[in-house]
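Dear colleague,

Please find below the structure that I am handing over to you. A short account of the findings comes after it.

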Amino acid sequence: MTTVTGDVRQRTAEPTRRRGWARLGRAAATSVAATVVSQVVLLAVLATGGAAVLASTLAWAAGAVLNFVITRRWVWGRTGRPRVRRELLPYLAVIGLGGLASIGLTTLSGSLLTPLNLPHVWWVVLVDGAYVASYALVFVVKFTLLDQLVFGRATTP
């Protein structure tokens, strides 16, 4: 009897794990898409002489909007109008903290690189690298928070 119960638990746990990995993969894909949009904005602002803080802020905002729209539907299967208190505000809080971390690290990198008097193209490449690296660092934390607190099982209607 316990064997059957154990088998049932194992069978139900396996699809849940697969769905979790699939959700993580879809979240990573949407994050890559948002990063591409962010990169276009970031590089455009930096290449035209914009400050690292302005460039990373505009880039974050562009990526955050795209990420919310796609992730809500494709990763977590939410449709209809977003619930402001249960989805939109917590999403903005989670993504905002990640954005602040990325903006801070990008701005710090720009400040540390400026006294080196590098050719502008190298300064842009290095600041951009800091921006991408910072997003990679916070991705897993953001995914976990979004999955558990915003769109995942904890808030499913």
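This is a predicted model: local features need pLDDT of at least 70, side-chain atom pairs count only at pLDDT 80 or more; totals for chains, interfaces and linings use all residues.

The protein chain contains 4 helices and 0 strands, and its elements, read from the N terminus, run α-α-α-α. Of the 157 residues in the protein chain, 36% are buried. The chain exposes about 9,300 Å², and carbon and sulfur atoms supply 71% of that area. Among contacts in the protein chain with a separation of 6 or more, 73% come from residues 24 or more positions apart.

The helix pair examined in detail is H2 and H3. Helix H2 spans residues 52-75 and helix H3 spans residues 84-113; their axes come within 9 Å and cross at roughly 150°. Because angles over 145 degrees count as roughly antiparallel, H2 is roughly antiparallel to H3. The crossing of the two helices is right-handed.

On the H2 side, the contact is made by Ala52, Val53, Ser56, Thr57, Trp60, Ala64, Asn67, Phe68 and Arg72. H3 contributes Glu87, Leu88, Tyr91, Ile95, Gly96, Gly99, Ile103, Thr106, Thr107 and Gly110. By class, this contact of H2 with H3 comprises 9 nonpolar, 8 polar and 2 charged residues.

With kind regards

Terms used:
Residues are numbered from 1 along each chain as its sequence is written. Side-chain values use heavy atoms; hydrogens and water are left out. Axes are lines fitted to C-alpha atoms, for helices over the stretch in contact, and angles run from 0 to 180 degrees between N-to-C directions. Angles under 35 degrees count as roughly parallel, over 145 as roughly antiparallel, 65 to 115 as roughly perpendicular and the rest as oblique. A crossing is left-handed if the near helix is turned anticlockwise from the far one by less than a right angle, and right-handed if clockwise. Contact means heavy atoms within 4.5 Å. Ala, Val, Leu, Ile, Met, Phe, Trp, Tyr, Cys and Pro count as nonpolar, Asp, Glu, Lys and Arg as charged, and the others, Gly among them, as polar. Buried means under 20% relative accessible area, exposed over 50%, partly exposed in between (1.4 Å probe, protein chains only). Accessible areas come from the Shrake-Rupley method with a 1.4 Å probe; for residues, only the protein chains shown count as cover.
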